[in-house]
Amino acid sequence: MHILKWELRSHLKSLLIWCAIFVVIIFMMTSEFSAYYNNPDMADILSAMPEAMLKAFSMDNANLTTTTGYLSLVSLYFYIMVGVFAVLLGSNIISKEERDKTAEYLMTMPVSREKIITSKLLAGLINCTILTIVIALSVIAAMQPYHLDKAFFKFLFLLSLAFFFTMLIFLSIGALLASILKRYKSSGKISASLLMVLYFLNIVIALSKKLDFLKYITPFKYFEASILLKNGGFELKYIILTLLIVFMGILGTYIVYPRRDLRI
């Protein structure tokens, strides 16, 4: 419990900054929605755009003149941001002891490395949960001037879960990479680079049907907002794949981290 509280305090400033960034961006993006809301001219413009471009930006099943449609569009940017937040959190939460030169103090405490990992990952989980709640509440507050029906709240709930699942994936990936890589300075850069590669792969797949088989590689394909909007729920195969990735990432962290030599 002491380690968990320590981890939460050490990441509190970063979490507050990320929450503030999301709140500002959400209100800024929502302020532009007035130009789209119930605007038939905007719908005509979008219908004239190439289908490949619409798919690349998850706009193929979205009507941007509605609250759910517009939220579907801007969610693409949120996916990238929550992914960056989570992968850096997973990397930093494992490697920061070496970075801050506190590894010697932490490892001499009468607790096993496995318990330390558990506390760190639990702190990461709490951070991801808080950010998810902040995003959902900010969207509701920002969209209050417009008509919010049951369909909007259902879609927002699904989208919030999708953000949370995406964060869990990248949190586990970041933690695993930080455990494997010997240089703590490299783990954050490599984790963020991997995320961007997966994001651009998501766009490439959308532009070419021949590459559709690669959709299982990038988490950005698992919970596309346009698909959630169309189907009204998640696909079971992607839920299973998410759980598998998270499980393997956490398991790998528990196996590798206790056995590695830490830089003191």
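This is a predicted model: local features need pLDDT of at least 70, side-chain atom pairs count only at pLDDT 80 or more; totals for chains, interfaces and linings use all residues.
The protein chain has eleven helices and zero strands, and buried residues account for 48% of its 264 residues. The mean pLDDT of the chain is 81.

**Overall fold and confidence**

- From the N terminus on, the order of elements reads α-α-α-α-α-α-α-α-α-α-α.
- A pLDDT of 70 or more is reached by 79% of the residues in the protein chain.
- Among the elements of the chain, the highest mean pLDDT, 93, belongs to helix 11, and the lowest, 52, belongs to helix 6 (residues 103-107).
- Of the contacts between residues at least 6 apart in sequence, 77% join residues at least 24 apart.

**Helix 8 with helix 11**

- Helix 8 spans residues 150-180 and helix 11 spans residues 236-256. Their axes come within 8 Å and cross at roughly 25 degrees.
- An angle under 35 degrees counts as roughly parallel, and helix 8 and helix 11 are therefore roughly parallel to each other.
- The crossing in which helix 8 passes helix 11 is left-handed.
- On the helix 8 side, the contact is formed by Phe 165, Leu 168, Ile 169, Ser 172, Ile 173, Ala 175, Leu 176, Ser 179 and Ile 180. On the helix 11 side, the partners are Ile 239, Thr 242, Ile 245, Val 246, Gly 249, Ile 250, Gly 252, Thr 253 and Val 256.
- By residue type, this contact of helix 8 with helix 11 holds twelve nonpolar and six polar residues, and no charged ones.

**Helix 7 with helix 11**

- The axes of helix 7 and helix 11 come within 9 Å, with a crossing angle of roughly 145 degrees.
- Helix 7 and helix 11 cross in a right-handed sense.
- Helix 7 contributes Glu 114, Ile 117, Thr 118 and Leu 121 to the contact, and helix 11 contributes Ile 250, Thr 253 and Tyr 254.
- The residues of this contact of helix 7 with helix 11 are four nonpolar, two polar and one charged.
- Ile 250 and Thr 253 of helix 11 take part in the contact with helix 7 and also in the contact with helix 8.

**Helix 1 with helix 7**

- Helix 1 (residues 2-10) packs on helix 7 (residues 113-142) at an angle of about 45 degrees, and the axes are 9 Å apart.
- Helix 1 and helix 7 are therefore oblique to each other.
- Helix 1 passes helix 7 with a right-handed crossing.
- Ile 3, Leu 4, Glu 7 and Leu 8 of helix 1 meet Ile 116, Ser 119, Lys 120, Leu 122, Ala 123, Ile 126 and Asn 127 of helix 7.
- This contact of helix 1 with helix 7 is made up of seven nonpolar, two polar and two charged residues.
- Ser 119, in helix 7, counts as buried at 13% relative accessibility. Not counting residues up to four places away in sequence, Ser 119 touches Ile 3 and Leu 4.

**Phe 85 in helix 5**

- Phe 85 is part of helix 5 (residues 67-99) and is buried, with a relative accessible area of 4%.
- Beyond its neighbours within four places in sequence, Phe 85 contacts Leu 15, Trp 18, Asn 127, Cys 128, Leu 131 and Met 167.
- Between Phe 85 and Cys 128 there are 8.6 Å in space, C-alpha to C-alpha, although the two are 43 residues apart in sequence.

**Met 29 and Phe 33**

- Met 29 sits in helix 2 (residues 12-31), whereas Phe 33 lies in the loop between helix 2 and helix 3 (40-47).
- Met 29 is buried at 18% relative accessible area, and Phe 33 is buried at 0%.
- Leaving aside neighbours within four places in sequence, Met 29 is in contact with Tyr 70, Val 74, Tyr 77 and Phe 78.
- With the neighbours within four places again left out, Phe 33 contacts Leu 64, Thr 65, Thr 66, Thr 67, Tyr 70, Met 143 and Tyr 146.
- Tyr 70 is among the contacts of Met 29 and among those of Phe 33.
- Phe 33 and Met 143 are 110 residues apart in sequence, and their C-alpha atoms are 9.0 Å apart.

Conventions: Residues are numbered from 1 along each chain as its sequence is written. Side-chain values use heavy atoms; hydrogens and water are left out. Axes are lines fitted to C-alpha atoms, for helices over the stretch in contact, and angles run from 0 to 180 degrees between N-to-C directions. Helices (H or I, at least four residues) and strands (E, at least two) are DSSP runs, numbered from the N terminus. Angles under 35 degrees count as roughly parallel, over 145 as roughly antiparallel, 65 to 115 as roughly perpendicular and the rest as oblique. A crossing is left-handed if the near helix is turned anticlockwise from the far one by less than a right angle, and right-handed if clockwise. Contact means heavy atoms within 4.5 Å. Ala, Val, Leu, Ile, Met, Phe, Trp, Tyr, Cys and Pro count as nonpolar, Asp, Glu, Lys and Arg as charged, and the others, Gly among them, as polar. pLDDT is the predictor's confidence in each residue, from 0 to 100. Buried means under 20% relative accessible area, exposed over 50%, partly exposed in between (1.4 Å probe, protein chains only).
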